[in-house]
Amino acid sequence: MKPYLPAWWQRLETRMIVQAALAALLPMLALAAFSLYTIYHQQIGDAQAVQQEMARRAALLIESRLDHVLFALQSAAAAPDWSQDRQNAHERNLRQLLHQLPLVEDISLVDVNGQEKVRISRMCLVKPEDLGNLRSEASFVKAQGGVAGWGEATLSDNGEPLITVVVPRLNPISRQRETYLAAIVGLRGLWDEVTAFRVGQGGSMYVIDEEGRLLAHPDYSLVLADTNLSDATLLKTLQADQSLPASYLDAWGARVMGSAVFIPSLRWWVVVEQPTAEALAPVRTLFYWLLLGALLAIAASAIPGWFIARSVTHPIAQLSADAIAVGQGDLARRSSLRRQDEIGQLAAVFNQMVADLQEYATELESKVTLRTAELQIALEQAKEADRLKSAFLATVSHELRTPLTSIKGFAETLLSDDVAWDEATQRDFLRTIVEEADKLRDLVNQLLDMAQLEAGTLRLQPHACMLSHIVAVTLERLQPLLGNHPVQIDLPPDLPPVYADPERVIDILRNLIENVVKYTPQDTLITLTARAQGNVVQVDLHDNGPGIPADMLSHLFERFARGDHPDIPGTGLGLTICRGLVEAHGGRIWAESQVGQGATIHFTLPV
Amino acid sequence: MIVIMKLGARPFFLILTGWIWALLIGCTGPTAPVYHIAVIASGQSRLVKTESLRQGLIDRGYRPGENLNITIYDAENHGDRLPGMVQQALASQPDILITLGGVETQITKQEAQDSDIPVVFIGVADTVDWGVVDSFRHPGHNMTGIDNGYIEITSKRLEYVTLLLPDARRVLVLYSSDIVPSRAALAKAEEAAPYLGLTLSPRAVDSVAELEKFAAALQASDADVILITPSYTLENALSTILLPAATRARIPVIGLNQDIVADGGVAAYGASFQSMGYQAARLVDKVLSGVPAGDIPIEFPDTPEFSINLQAIEAMALSIDPDAVSLGDRIFASNGAPP
């Protein structure tokens, strides 16, 4: 089964254009693919490097800002007057410290048991009953160990992210921990600074803790909504201590590229993410340019390709149209292409072929016309022969029936009992019966002769014999038939003997003379002459009758040719038998006549 | 192809041109929408929020006059006009309604309860207890905004009164009895006063006329300090009625934020209108980006500021604690301008 090819693809021109476009496009595509591959990987590397650097800077910023708070608290804790039990002084110091540290929301002095002694809040008056105990706070537990430590990030009632830090104060003499400074740091002021880092147009930086709680994000509403990213691919990957993939889905379902930096002291992740599409925008831009270049290459190659294809296919199409016209019978059609190239040669050959074809067609047409005419003639002849045969049958039937009727009539008359015929009458009747029987015999003999001639079975018994003797015997036998037709014989005395079967020559002469007697009026002179001509003797039988029409003259010796004389009895075989007998002797027979001037039958016999 | 053959080379150039146009159109992207914002203000004093909001939106990429149209509906201190103005604003089918205070928000909530236009309020006190929103994290009601925290911070204002004016004992608290946050602030003040050794004298002022009457009698007052609570009546008439009278009576006025101090108040503690307006730009941007307002958590202002007007202090020859001045975040110098 042939594969299906659409019609447009089967056009030579289409394929040539496509091939030209592909020839220009394929190298360009290969180059484009290589360029895109290289730049894609380079862009990913560059973007990740930038993101990593930004995350690192942000982490340093966070650490430095919080370290600033920590150092300020540690410096304040080192002041000597914390040891004194002066509430007002502590409050004043804490207020000053709070004023100096805008990130701090609340600051308090805590005893060794974690109990707040004094607390100053930025948002409200702290009443004595508001003072709490921090001993369960992770930051206080750390501070009890002698290390200033950060607690876990929490959210306030308002949703603001907070983190607690507790700094121990050591007794300058005993070096024992005698009190603590605790601060609640509001991270929002820090985040405004951190999240101001921008990575491109759509990129963002955010901070999450180890549990995935979102602590900072440019969309601060997400922080206030206590968003948790513990199910995000990012956190799972980071927690598995694996490197981030080049591209992944962020917590909000967008495909991004990202980097993360861990802050060990806070156990936070600073994450920088940028939409992959944006990070790879240069690659996409390059892709578009390459695509445009490819399209231009296609156009730039297809247009000349189209012209080239057209220069080839157009003359082929013309030649094809000429061929189709010739195929439809327009043999006069010729290609008008006049070129010196292969197509021009093809057109010349085509024209030559069409010219030859036209010639052959003309010749064939002539032959057909000729053959048709011949067949028509043959048909007419066959029809004529059939007609003659019908007429012959009718004539033979009539010729056979007439003597038979006479014979039967005379015989029945003689046998009749009611009449007594005299002897003379009986003899006349019997003579008539004999004559009619002779006619029957002659007719049958003619038919037998004709059959033998056509079958080629006629046996001659030729020998040298004198024509004068044959003519004499013939005239003697025809005497009763000649009636008033005078016969003039002119045979030269030195006529050589002919080599023939005398009985058959008699048959020839008898048939010829009987025809003259039948078709010429009474008293028509019959002249029989003969002369030697080379190795033959030519016999001429002439009459002064009405002559034979020209159209009859050419069919005179054909079977059943009787002319337009239906009233004259005869079979139409006499002259045909004559021609057969003459030709059987090796001679030739023909007739000459002009209407009104009689007719002459010539035949030759070998000597 | 047969058609192409008949047309000649022209189709190739047409197709090529079409490709280039398609690429250019694809690069330009869709037309940016133009947003319409309607602002409801009870009076002139609150319009400063609009200016900072406008600046915040500019910083977020909006271009007023191009892709942002802001229409202000100012009741000019006539509270009775607010319902009609809200209806007028709603009829203009804005993309978002901005309310610049509590009374504007309260009336807008009533008037727009059948509307699907989101509302962002700027500087409303006590939003949850007042019933403006359901909760800070999930406000609902197609509303979000900035809660100014002025109720909670009232006790801190009183604390700063004692720090700045250590001799002050009698505090006259002005409030509006018909405004819930104002009453809530009074309650906070009454709760804190005993711990600070202060005696409070609450005075309800529910109209400008009452404020004028109060101001006229201020000379005879024995109050050491006047404390302002959140009330649009007080805020809008402060600079024209109360502050001149208080100055003449040499009674320092402790206000809500630096805006009062700039107008002649002695001191204030709270976030400024400007900062809240700028902060609200973030919420407006988010609402315009398609996030339902009721799903956006309520935000609180950035760190409140302690503002001190040394000029007013000098003018009234007040006795102040210099240590308290050192706690000031924003000091208005004796020439009337911030240092």
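Chain A folds into 14 helices and 18 strands, where helices (H or I, at least four residues) and strands (E, at least two) are DSSP runs numbered from the N terminus. The model is predicted, so local features need pLDDT of at least 70 and side-chain atom pairs count only at pLDDT 80 or more, while totals for chains, interfaces and linings use all residues. Residues are numbered from 1 along each chain as its sequence is written, chains are lettered from A and ligands numbered from 1 in the order in which they are written, and side-chain values use heavy atoms, with hydrogens and water left out.

Of the 607 residues in chain A, 42% are buried; buried means under 20% relative accessible area, exposed over 50%, and partly exposed in between (1.4 Å probe, protein chains only). Among contacts (heavy atoms within 4.5 Å) between residues at least 6 apart in sequence, 61% join residues at least 24 apart.

Two helix pairs can now be visited in turn. Two packed helices are described by the angle between their axes and the distance between the axes. Axes are lines fitted to C-alpha atoms, for helices over the stretch in contact, and angles run from 0 to 180 degrees between N-to-C directions. Helix α8 (residues 281-327) and helix α9 (residues 342-415) of chain A pack at about 5°, with axes 11 Å apart. The pair α8(A) and α9(A) is therefore roughly parallel, given that angles under 35 degrees count as roughly parallel, over 145 as roughly antiparallel, 65 to 115 as roughly perpendicular and the rest as oblique. Residues making this contact include P315(A) and L319(A) of α8(A) and F350(A) of α9(A). The contact comprises 11 nonpolar residues, no polar and one charged; Ala, Val, Leu, Ile, Met, Phe, Trp, Tyr, Cys and Pro count as nonpolar, Asp, Glu, Lys and Arg as charged, and the others, Gly among them, as polar.

For helix α12 (residues 502-519) and helix α14 (residues 574-584) of chain A, the axes come within 9 Å and cross at roughly 150°. This makes α12(A) and α14(A) roughly antiparallel to each other. Among the residues in contact are R504(A) and D507(A) of α12(A), together with C578(A) of α14(A). By class, seven residues are nonpolar, three polar and two charged. C578(A) counts as buried because its relative accessibility is 0%.

Another cysteine, C124(A), is also buried, as its relative accessible area is 18%. The structure holds zero disulfides over all chains, a disulfide being a pair of cysteine sulfur atoms within 2.5 Å.
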